[in-house]
Amino acid sequence: MRFGIAVFPGTWSERDCAHAVSLDGHEAVMLWHRDADLRGADCVILPGGFSYGDHLRCGAIARFAPLMDAVAEFAAGGGLVWGICNGFQILCEAHLLPGALLRNASLEFRCEPSWLRVETEASPFTAGCRRGDVLRIPVSHGEGRYVADPQTLLTLENEERVALRYVRADGGPVGEDSPNGSMRDIAGILSEGRNVLGMMPHPERACEPLLGGDDGMAMIRSVAASLDRAGAFIRAGENPRTPR
Amino acid sequence: MSSAGVDVPPAELLAEVALTEAEYRLAVDALGRAPNPLELGIIGALWSEHCGYKTSRPLLSRLPTRGPRVLQGPGENAGAVDIGAGLACVFKIESHNHPSAIEPYQGAATGVGGILRDVFTMGARPIALLDSLRFGPLDEPHQRHLLEGVVAGIGGYGNCMGVPTVGGEVYFDESYRHNCLVNAMCVGVVEHDRLVRAAAAGPGNPVLLVGADTGRDGIHGATFASVQLDESSEQRRPAVQVGNPFLEKCLMEACLELVGDRRVVAVQDLGAAGLTSSAAELAHRGGCGIELDVARVARRERGMTPYEVMLSESQERMLIVVRRGEEEGVRAAFARWDLRSDVVGTITGDGRIRVRDGGEVVADLPLPMLVDEVPLRHPPARRPEGVDAVLARDPLPGPPPWPHDEALLRLLASPNLGSRHPLFRRYDHQVGDDTVVPPGGDAAVLRVRGTPMGLALTTDGNARYGVLDPRRGAAIAVCEAARNLVATGAEPLGVTNCLNFGNPEKPEVFWQLREAVEGIAEACEALGVPVVSGNVSLYNDTSGVSIDPTPVIGMVGRLAEVERRLTPALRPGDEVSLVGPLEATLGASEYQRLATGALAGPPPALDLDLERRVQAAVLEAAGAGLLASAHDCAEGGLAVALAECCLAGGVGAACGLDEAVTGRGLSPRAAAILFGEGQSRFLVSHSTEAAVQLRALMDRHQVRLLRLGMVGGDRIRIDPLLDVPLDRARVAHEEALRS
């Protein structure tokens with residue numbers, strides 16, 4: 001399995017993501033922001049960081065990178081795109097996902113554990129989990145408060161596109177313990193085609209017991225398993241529907 | 001020409017470059033002529049305390065800097081120690097006190113930026129940041145403003161860089177009301193053979209200036225740091241630099257990509273006194289000279305004079321010496337990261353720094369004079385009057401003001417002992433995927449990727465002890481830092497220190513400085529830990545009032561197996577024991593601060609031989625797998641240490657002491673046992689099966705092991721004195737710093 005990991009100026013989770021996927025035996029290749037080339041990746045990760053210094057708005061400049069043209073095309077053809085933290089912000093700015101991520105309700109950067117309830121198994125990112133599972137995966141962001149208009153929220157809920165929701169450790173409603181005050185406690189959402197996931201928490205930081213837990217590995221394994229079921233998802237540059 | 005017939009510039013001009021009239025005359029004698037204004041600015045910067053260590057240099061030679069693991073001692077951008085597996089740990093601590101007092105966000109942010117550059121300049125990828133902070137009493141709005149600004153600045157810079165902030169400390173004391181302290185430490189790791197030194201070589205080699213354009217920010221920052229703050233300091237706001245962490249992130253990645261590249265001869269970051277000091281130090285370290293053309297320096301403002309260009313402290317800039325003919329290739333490597341670079345000069349062989357402005361030579365000075373011949377100051381030293389009277393006072397006159405249970409809750413809820421979680425959660429402490437023990441324990445522990453090893457990192461310092469006895473206070477800071485590392489199971493390898501003191505022209509302050517350096521030296525020698533880097537911040541005075549002497553110790557330790565690291569967290573069913581003496585004093589303690597608001601009585605005693613044995617014993621016990629947890633038992637005393645271990649483990653403990661020792665009820669003696677502060681002590685836990693072996697080990701080291709009780713339940717108990725529900729302790733602890 002080959003994961004392509006985007007590197008924009010200011011990205012800082014690329015090596016963490018590469019390390020995490022390598023723990024499960026996968027290959028990681030770095031995708032340079034100036035090149036519209038996915039290097040044969042089976043899944044593209046847009047990792048965390050402060051792309052272009054978060055100038056203007058988080059992710060607002062990254063969406064114009066040549067790499068993002070290739071990512072958008074890949075996603076349109078059903079390719080797996082996984083945006084984590086800043087990657088989620090970029091996906092929203094690029095309109096590959098609806099809604100926006102605003103400053104945390106606390107007005108503070110927060111780096112702490114969060115607990116995420118898996119809301120759907122019907123996605124390549126969560127297929128290996130059970131609906132209702134609670135994953136312990138840390139957050140680290142200052143602008144992670146998910147907002148969208150009421151119609152979008154309704155659509156996301158109706159189509160079961162809310163993949164992950166913040167909860168308390170015991171699975172109960174997160175209430176005032178929300179790390180960022182997201183609407184409907186949304187931590188991660190899927191695209192209409194369910195092949196694009198954006199999430200604020202960092203699964204790559206939760207892949208080893210030594211570092212405090214390995215719940216994030218369940219998501220990497222889900223992706224790998226989805227890709228193994230040949231034909232379910234396509235490889236970059238091999239998409240018959242969007243010839244190059 | 002001798003200085004005798006020279007007109008000395010007006011006092012205001014000399015004050016602006018922080019030189020005395022005598023120093024000016026020395027410069028004229030060395031030069032054989034009067035320096036022009038640009039040259040005077042250059043001399044002032046390099047002869048400042050900040051760059052030239054003119055007051056502290058004679059004292060610093062006392063510090064032990066050698067050891068089998070030392071790869072790089074003081075004198076480079078950062079120090080380095082061998083951690084095994086062919087790897088070096090590179091680290092340094094630095095102050096940014098004066099800028100932070102004026103503009104807390106940018107002062108702290110650029111402090112972090114500067115210390116990061118010191119480490120990646122050496123070729124090492126930064127893996128961790130720590131911060132040691134001091135403010136005035138937190139109930140004042142201005143102090144809260146400073147704390148908020150500094151914490152936001154540290155987070156704003158460090159988080160954007162993708163380097164985790166894993167530890168540090170913060171204390172609040174009257175002494176820092178007008179002079180907050182912001183010390184930042186950075187730790188990096190690199191292969192031995194890729195360690196980069198900042199020594200220029202090869203006359204004719206071009207010099208690149210890379211990164212940010214040069215502006216008027218920070219001019220006279222170095223001399224600013226070498227004078228006192230006063231009411232006019234607000235007007236010095238332009239002397240505070242503004243940081244751009246995004247630019248620095250790109251600069252760091254580009255520089256790290258070039259590590260090991262044969263086209264690059266030397267790398268030097270621009271810090272205090274900007275181009276002036278970096279060019280001079282880079283050239284002089286390599287026994288070369290340097291010629292710069294300020295006309296080639298990219299600027300962000302119009303109309304800058306050569307003086308302003310040479311002394312600007314604009315951030316995120318590096319000087320790179322490149323092999324002749326390779327400049328375009330190296331420039332392309334920076335351009336890939338959208339970084340500007342310009343050839344601004346050439347290495348020469350004549351031992352001088354020559355500054356041109358296009359065709360015209362505007363400064364020409366000999367480097368040995370600037371760097372080696374800094375006129376040293378040997379101010380008089382005098383022990384402050386009145387210290388003896390304070391030492392002789394009863395630490396706690398009268399009975400304890402509160403029942404012991406309430407005292408524990410008050411201590412846990414105090415700004416100095418409460419949970420730091422509300423601050424640490426604003427820093428990314430995990431990025432890099434190496435943080436094994438996050439902030440909140442004795443020391444942070446990071447794994448060293450690709451090896452079984454771990455690194456333990458800490459900073460420490462206690463000014464309350466130091467004001468009464470600076471030598472003992474400084475030695476205690478070293479010992480406590482080492483204990484923090486040992487408590488995780490790590491062997492201390494090296495020290496970096498930041499000496500924060502008042503105006504050394506006051507005999508009392510210079511005495512404090514001299515005593516503190518002696519204390520650091522004695523403790524480092526006793527524990528066998530060398531000092532490999534450091535920084536001095538003097539003139540922490542406002543309107544004539546000096547801060548208490550505050551030596552801050554940063555220390556790095558090594559765990560052979562990171563899987564075996566210890567934390568303070570207790571586990572139900574284990575036994576709790578105290579390693580080291582039970583006796584402690586309320587003198588200079590946090591309890592005393594809360595109870596009386598005064599400082600009285602001698603600070604804790606320190607027996608360096610006992611300290612060494614206690615640390616060796618705990619380290620051996622940890623290595624042998626005999627311990628389940630360990631915690632430094634220091635500030636707040638035994639009761640606070642036990643509460644911290646209980647809170648970390650989420651479980652209570654039922655302990656007891658011999659009533660013949662404690663007495664019953666509310667006596668000063670009982671308060672001293674619970675809350676008195678003593679050195680050379682650890683609170684450990686272990687299985688009942690390990691107890692016999694542990695006792696034999698402690699006996700062999702001639703160290704006392706006192707069994708206190710069992711882990712379990714939901715109360716923190718030390719019979720017959722203390723019984724506090726864990727939940728109440730948690731609430732008190734967590735609320736202390738909540739904004």
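Strand E9 (residues 289-293) and strand E11 (residues 341-348), both of chain B, run antiparallel and are joined by four bridges; strands here (E, at least two residues) and helices (H or I, at least four residues) are DSSP runs, numbered from the N terminus, and two strands pair if DSSP finds at least two bridges between them. Strands of a sheet pair through backbone hydrogen bonds, either parallel or antiparallel. Residues are numbered from 1 along each chain as its sequence is written, while chains are lettered from A, and ligands numbered from 1, in the order in which they are written. Because the model is predicted, local features need pLDDT of at least 70 and side-chain atom pairs count only at pLDDT 80 or more, whereas totals for chains, interfaces and linings use all residues.

The open sheet has seven strands in the order E8-E10-E7-E11-E9-E12-E13 (chain B), with mixed pairing. At its edges stand strand E8 (264-269) and strand E13 (360-366) of chain B, each with a single partner strand, so one side of each is left without a neighbour in the sheet. From one strand to the next, the twist averages 25°, where axes are lines fitted to C-alpha atoms, for helices over the stretch in contact, and angles run from 0 to 180 degrees between N-to-C directions.

Further along chain B, strand E15 (residues 444-447) has B:Ala444 and B:Leu446 pointing one way and B:Val445 and B:Arg447 the other, and all are buried, that is, 20 or more other C-beta atoms, placed from the backbone, lie within 10 Å of their own. Strand E14 (residues 435-437) of chain B pairs with E15(B) in the antiparallel sense over two bridges, and B:Val445 is the bridge partner of B:Val437. On to strand E16 (residues 454-460) of chain B, E15(B) is joined by four antiparallel bridges, with B:Ala444 opposite B:Leu457.

In soluble globular proteins, nonpolar side chains tend to be buried together.

Conventions. Buried ≥ 20, exposed ≤ 12 C-beta atoms within 10 Å, placed from the backbone.
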